[in-house]
Amino acid sequence: MTWRPTIAALAGLCLAVSATPLPAGAAVDAARVSAHAALVGPPGAPPGVCPTGAGYGPPLPASTVTAPRIQGGFTFLEGPVWVADGGYLLMSDMTAGTGPYNVQPSTIRRFTPSASFDTFIADAGSNGLALSADGQQLVAATHDQRSVSAYRLSDRARSTVAANYQGRAFNSPNDVAVRSDGVVFFTDPNFQRGNRSDQMSGRTSVFRVSSGQVSLVDDRLRQPNGISLSPDGTALYVGAYSENKIYKYAVQPDGSIGARSVFVNYIGGPDGGTIDCAGNVYWTSGGDSLVHVYSPTGIQLGTIRSGGSGTTNVAFGGPDRQTLFVTSGRWGDSGLYSVRLNVPGYPY
């Protein structure tokens, strides 16, 4: 899903508050750029994911669907993201807090279908993951540095997208969503803050990063968790974990936020979510460990069951992006699950 890198390098990650310079010889292969340059789509969806004008039917093959397990035995999986150019899935695997501040280490694992699992980035300090607008960098909510970071996929080099807000450290960024023009939205609960100081005066918030500037979206939510954008770029969804609600925000063309409304009035412990190309919303629930599927108007269409407990996040992937990957399972035996659905969707 590479997209005009000469532009996206500016629109996608010139938004970085600070960034490490690219090494010599880091140019993207011209033929691959040309092949992907034509992949366009709605302003919200990553380039090439949701074709404009396509029609879709019901997203689920049945009202209740089960996703089989691919592999378990991980500590605590979160934040899956599909990398189309490489044909693999990345996800964060968090372990118990360590050190004087009790901060949770995190490793980014890679799953290559019909192949194996391996370590992609050790000591990543990450939770939720997404892709930059040009598809060349992994945008990560990184609680180790209380920041939002970018990892270049080619060499895993790390840079900073958002370091703080008005000089104050974030709590522990949790999940991210990236618009096709490079605007980044992220949630900041305090789940992984550990024993570090509270510089947000008790507030847990949603933020936006645009053209290198961090701005506040909403600081009225109690433990905002998962975050997703609609394909047309006009709606932002945020799960408020401690309120058991999913909120919907109007998004303006420049990325600024308009009115807020309640999208789902009750879902037990909303964690991560994603969107398909028809605008249907998929949200994981810590209360019942299901993935709840809603129409764009908030009508529940069905559920997807994976592990018996601890369902944390979802992402579409596979060659046609119609495979839904689910991270789920109890602590110490977290696993990756997948199920084939009828509509393609977001890779994170």
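Author: This is a predicted model.

The largest cavity holds about 80 Å³ of space. It is lined by 14 residues. Those closest to its centre are Asp175, Val176, Ile227, Gly273 and Tyr348. Strand 15 supplies the largest share, with 3 residues. By class, the lining of the largest cavity has 9 nonpolar residues, 4 polar ones and 1 charged.

Now the second largest cavity. Its space comes to about 40 Å³. Here 10 residues form the lining. Closest to the centre are Pro46, Leu131, Ser132, Ala133 and Tyr348. Tyr348 was also named among the residues closest to the centre of the largest cavity. The lining of the second largest cavity divides into 7 nonpolar, 2 polar and 1 charged residues.

Next, an open space. The second largest pocket has a volume of about 220 Å³. Its lining counts 15 residues. Phe76, Glu78, Asn225, Tyr241 and Asp271 are the closest to its centre. By class, the lining of this pocket has 4 nonpolar, 9 polar and 2 charged residues.

Go back to Ser132, from the second largest cavity. The side chain of Ser132 makes a polar contact of 2.6 Å with the side chain of Asp134. Asp134 sits in the loop between strand 7 (126-131) and strand 8 (137-142). The side chain of Asp134 also reaches the backbone nitrogen of Gln136, at 3.0 Å. Is Asp134 buried or exposed? Asp134 counts as buried because its relative accessible area is 7%, under the 20% cut-off.

What does Gly233 touch, leaving aside its neighbours within four places in sequence? The contacts are Pro43, Gly44, Arg179 and Val251. Gly233 and Ser180 are 53 residues apart in sequence. In space, their C-alpha atoms are 8.5 Å apart.

Asp123 is in the loop between strand 6 (117-121) and strand 7. Asp123 is not a glycine, yet its phi is positive, at about 55°. Asp123 has a relative accessible area of 64%, so it is exposed, the cut-off being over 50%.

Ser211 is the other one. Look for Ser211 in the loop between strand 13 (205-210) and strand 14 (213-218). Ser211 is not a glycine either, and its phi is positive at about 50°. With a relative accessible area of 58%, Ser211 is exposed.

Asp123 is exposed, and Ser211 is exposed.

Terms used. Residues numbered from 1 in each chain as written. Predicted model: local features only at pLDDT ≥ 70, side-chain atom pairs only at ≥ 80, totals over all residues. Heavy atoms only, no water. 1 Å grid on protein atoms, 1.4 Å probe; cavity = no way out; pocket = protein on both sides within 12 Å on 5 of 7 lines; lining within 4 Å. Points joined across faces, edges and corners; volume = space filled by probe spheres on them. Helix = DSSP H or I, 4+ residues; strand = E, 2+ residues; numbered from the N terminus. Nonpolar A, V, L, I, M, F, W, Y, C, P; charged D, E, K, R; others polar. Buried < 20%, exposed > 50% of the residue type's maximum accessible area, 1.4 Å probe, protein only. Polar contact = N/O pair within 3.5 Å; in protein donor to acceptor, adjacent residues only side chain to side chain. Contact = heavy atoms within 4.5 Å.
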